[in-house]
Amino acid sequence: MKKIIKESQSKIIIERSKFISYSFNCDDKTQVNDILQKVRENHHAANHVCFACVLKNKLETYFSDDGEPSGTAGAPILQVLKENDLICTLVIVVRYFGGIKLGVPGLFRAYKESAEECLKDNTKDVILKKLYTSTVDYATFSNIKKYFEKNSIDIFDVAFSNYVTFSVYLEENEYRNISSNIKLDYFGKEEYM
């Protein structure tokens, strides 16, 4: 699976119509709606603000043609997201009509090309990691810290008292390697990293 590296923007012009594309990291439907509202406010004179998104669960997808003929805008944007195996990603394409009708095939190609351009060289592979916490004695923490540093695993939320409590994101095979030596409690949170 992949996510975008950073939010990006691109612009193409086809038959005098201007297509401005945006890509965003996006985790849930509320976030999608908030971002869409801001883009619509910034492009209040646009003829169409079309989008597609794939959220954390790859089965949760949304798209909109926003007044374009059915299947000519949101569907091709979604197709690009799926072809690139993207998750947690929202792509919005804003169209300013240039006076020349593109027809159904032309619109499909234009929106697809706009999405591809916006994502070009802007994706990275990600792995699902789960958040774990643990409380250990100082000697055990010293050994764990060395192991994590050696394997480029970040420790955070470290708290020192009579024992050391810390948090860490681990992928499944990392968890199996570590959990045989120390007790790790699943915190109920997952991230694609």
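Reader: Which residues of helix α2 are buried, and where does the helix sit in the chain?
Author: Keep in mind that this is a predicted model. The helix, α2, covers residues 74-83. Its buried residues are G74, P76, I77, L78, V80 and L81.

Reader: What do the buried residues of α2 pack against?
Author: Several strands are involved, and a helix too. Going through the partners, the buried residues of α2 pack against β4 (48-54), β5 (61-64), β6 (89-96) and α3 (103-119).

Reader: In what order do the strands of the five-stranded sheet run, and which ones are the edges?
Author: It's an open sheet with antiparallel pairing, in the order β2-β3-β6-β4-β5. An edge strand pairs on one side only, and that leaves β2 (8-14) and β5.

Reader: How many bridges link β2 and β3?
Author: β3 spans residues 17-25 and pairs with β2 in the antiparallel sense. S8, for one, stands opposite S23 in β3. The β2 and β3 pairing runs over seven bridges.

Reader: What angle does the direction of α3 make with that of β2?
Author: α3 packs on the sheet, where it touches β2, β3, β4 and β6. Against the direction of β2, that of α3 makes about 145°.

Reader: Is T140 buried, partly exposed or exposed?
Author: T140 belongs to helix α4, residues 138-150. Buried would need under 20% relative accessible area and exposed over 50%. T140 comes in at 26% relative accessibility, so T140 counts as partly exposed.

Reader: Where in the chain is confidence lowest, and where is it highest?
Author: The chain averages a pLDDT of 94. Strand β11 (residues 185-192) has the lowest confidence, at a mean of 86, while the highest, at 98, is in β6.

Conventions: Residues numbered from 1 in each chain as written. Predicted model: local features only at pLDDT ≥ 70, side-chain atom pairs only at ≥ 80, totals over all residues. Heavy atoms only, no water. Buried < 20%, exposed > 50% of the residue type's maximum accessible area, 1.4 Å probe, protein only. Helix = DSSP H or I, 4+ residues; strand = E, 2+ residues; numbered from the N terminus. Contact = heavy atoms within 4.5 Å. pLDDT = per-residue confidence, 0-100. Pairing = 2+ DSSP bridges. Axes fitted to C-alpha atoms, helices over the stretch in contact; angles between N-to-C directions.
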